Amino acid sequence: MDSLLAYQLLRILSLTLLLSSFSRISQSSEFCDAGTGFGDSGCVVSSKSASKLLIKGGTVVNAHHQEIADVYVEDGIIVAVKPNIKVGDDVTVLDATGKFVMPGGIDPHTHLAMEFMGTETIDDFFSGQAAALAGGTTMHIDFVIPVKGSLSKGFEAYKEKAKKSCMDYGFHMAITKWDENVSREMEIMVKEKGINSFKFFMAYKGALMINDELLLEGLKKCKSLGALAMVHAENGDAVFEGQKRMIELGITGPEGHALSRPPVLEGEATARAIRLASFVNTPLYVVHVMSIDAMEEIAKARKSGQRVIGEPVVSGLVLDDSGLWDPDFINAAKYVMSPPIRALGHDKALQAALSTGNLQLVGTDHCAFNSTQKAFGIDDFRKIPNGVNGIEERMHLVWDTMVESGQISVTDYVRITSTECARIFNMYPRKGAILAGSDADIIILNPNSSFQITARSHHSRSDTNVYEGRKGKGKVEVTIAGGKIVWENDELKAVPGSGKYIEMQPFSYLFNGIDKADAKYLSSLQAPVQRSKAAS
C-alpha cells in the first residue's frame, strides 16, 4: 500500500513538472508546438531564416584543418569558404569573430518515440530534435525497432513517427529474429530505404536479445550488403542471472541495476562480438562503450588491424555510478541505463581512449523517460525503463570535458562529434564538413561563454536531467540547420516537418580492402588436400 501511494504521488508531481516545463518553453523559447501541425504549423520563424547567409570572421574548423574565413550559404548549401567574401544587402550576416564555426553535431545513437519496457520514450521526433538543435546537433541517427519481427513494418512506423522532424535524421535498423524474410528485408532496407547499418542486441533476454547463431547470420548478411554490423555488447544470459541474484539478496533499488551487470559482462560480450566479426571478416561497431573492460577489447582488436569502431556516450564519459546509490529513488532511478554508468575511473579511462584514438566518436544513447515512467520500478529495479538524456548536452559536455581540459584539439572535437560519424555512415562530405557543396548544418561556438545544465531550462520533455547543475565553458551560440538559423540568443526556432530523411549508402570506407583480405585468406588455406581414397 505504501508503494502504491508513493507511486501516485510521484505521478502527480511528474505531471505537474511536465506541464510547467511546457509552459516555460512556449513562453520563453518561441518553441513551435508539434501539435499544431506540420507544414502549416502557424510557427513564426525569425526573419533571419533567409535563404542567404554569410558567417563572417570566424575560425572555420574541419576535422583536419582550421582557418579564419567567411562562410557563404545559399538555399541550404555552403557555396564558399574563404576570407573576405563580399555580398549584397539581401544576405543575412552573422559576425563570428573570435568564435569557432564548425559542422553541426551528428549524434550516431538516439532512441526517439521508442516503445520499450512497457512505455515509450518521453521525447518524440520533434521534442528530441528541437533539444538537439538547442545543443548544436543538427542530425542524428535513430534506431528502428521491427514490428513483430518485420523490418518493413518497423521502417514504415518510424517514418510516420518522424513526420514531426525539425532537423535531418537517418535510421539504423535493429535485428531481433532471423529467418528468410528478415534476410530479404535487410536487402530491401539497404538497396531501397537508405539504411546501411544493423544493430544486434546481445542483452535484454526475452525481448530484444539474439544468440550467437543469429549474430553470425547477421554478420554474414551485413558483409554481403556492405552494411555495418552494430552490437549492444552485454552477456544477456549472465545479466539475467545477475538480476535474479540481486533480487534474492533483497537488493531491489536502482543500485541493483549496476550490481547485476558488472563490467566483466560488457567486456565478455564485446570480446565475443569482435571475435565473431573477425571470423566473418566484416567491420563491427560497438555502441555505448561504458567500461574499461570493453574499451580494452576494442583497443586490442584495432591494434591487430581489425576494423572495430568504439562509440562511448556522454554519460559514460562524464558521470560515475554514485548517483545510483542516492537515497532518493527518483534521483537514483534517472541514472539507470544499459550498460550501466560505471564506477569512478572508467570515465577517465574512456576519455583517454577517445583522446588517443582507441575510441572514435561520441554518441548519447538519448533514451529519455520521465520520473513517472522510472517509478514503474520503485519496488524492482528490473522494471525501471533503461535510458538517460544527452542529445542536447553532448556538444557542450564534450567540449568542456575534452577540449577545455586540453585532452583533444579543436579539430579532434569536430572529428569525434560530427565528421567521423559522417564518414562511418557514408554521408561525408555532404555532412560533417564546412566545405563548398556541403549541407549548411553549422554551429557557432564561443569558447569564452559558459553554460549550465538544468531540467528547468532544457528542451527535452523529461522532468529530470542526469547532468543537473553541471556548469562548463564553451557554448553553442548559433545553430544553423539546412541553411536556416534555428538557435540564436537562446531562442529556438524549430519548425515541425522541416527535417529531411537522409538515405545512407552501403560500403563505407570501413569496407575498403575487405575483398582482398578474403582472397588472401582463401589462398592461405592450402586446402582441400587431394588424397587418394583407400581401397575397399
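This is a predicted model: local features need pLDDT of at least 70, side-chain atom pairs count only at pLDDT 80 or more; totals for chains, interfaces and linings use all residues.

Reader: What comes just after α16?
Author: Gln526, with a positive phi of about 50 degrees. Most residues other than glycine have a negative phi.

Reader: Which other residues have a positive phi without being glycine?
Author: Asn281 and Asn426 are among them. Asn281 has a phi of about 65 degrees. Phi of Asn426 is near 65 degrees.

Reader: Where do they sit?
Author: Asn281 is in the loop between α8 (263-280) and β13 (284-286). Asn426 is in the loop between α15 and β15.

Reader: Where are the cis peptide bonds?
Author: One runs from Ser338 to Pro339, with omega near -10 degrees. Another runs from Tyr428 to Pro429, with omega near 5 degrees. Most peptide bonds are trans.

Reader: Which loops hold those prolines?
Author: Pro339 lies in the loop between α11 (329-333) and α12 (346-356). Pro429 lies between α15 and β15 (442-452), in the loop that also holds Asn426.

Reader: What touches Ser338?
Author: Tyr204 does. Setting aside residues up to four places away in sequence, Tyr204 also touches Phe116, Met209, His232 and Asn386.

Reader: Is Tyr204 buried or exposed?
Author: Buried. Its relative accessibility is 16%, and the cut-off for buried is under 20%, so Tyr204 falls on the buried side. Tyr204 lies in the loop between β11 (197-201) and α5 (212-225).

Reader: New topic. Where is Glu404?
Author: In the loop between α14 (394-403) and α15 (410-424). Glu404 counts as partly exposed because its relative accessibility is 38%.

Reader: What are its contacts?
Author: Trp399, Pro447 and Lys473, leaving aside neighbours within four places in sequence. The C-alpha atoms of Glu404 and Gly472 are 8.8 Å apart, though 68 residues separate them along the chain.

Reader: Zoom out. How many helices and strands?
Author: The protein chain has 16 helices and 18 strands.

Reader: What does the radius of gyration say?
Author: It is 23 Å. For 536 residues a compact globule would have one near 24 Å, so the two agree. The C-alpha trace spans about 95 × 65 × 45 Å along its principal axes.

Reader: How much of the chain is buried?
Author: 60% of the 536 residues count as buried. Among contacts between residues at least 6 apart in sequence, 77% join residues at least 24 apart.

Reader: And the surface and charges?
Author: The chain exposes about 21500 Å², and carbon and sulfur atoms supply 52% of it. There are 56 positive and 64 negative side chains, and the centres of the two sets lie 5 Å apart.

Reader: What about confidence?
Author: The mean pLDDT is 92, and 90% of the residues reach 70 or more. Over residues 1-49, though, the pLDDT is below 50. That stretch has 68 contacts in the model beyond near neighbours in sequence.

Key:
Residues are numbered from 1 along each chain as its sequence is written. Side-chain values use heavy atoms; hydrogens and water are left out. Helices (H or I, at least four residues) and strands (E, at least two) are DSSP runs, numbered from the N terminus. Buried means under 20% relative accessible area, exposed over 50%, partly exposed in between (1.4 Å probe, protein chains only). Contact means heavy atoms within 4.5 Å. The radius of gyration is taken over C-alpha atoms; the globule rule is 2.2 Å times the number of residues to the power 0.38. Accessible areas come from the Shrake-Rupley method with a 1.4 Å probe; for residues, only the protein chains shown count as cover. Lys and Arg count as positive and Asp and Glu as negative; His and the chain ends are not counted. The place of a charge is taken as NZ of Lys, CZ of Arg, CG of Asp or CD of Glu. pLDDT is the predictor's confidence in each residue, from 0 to 100.
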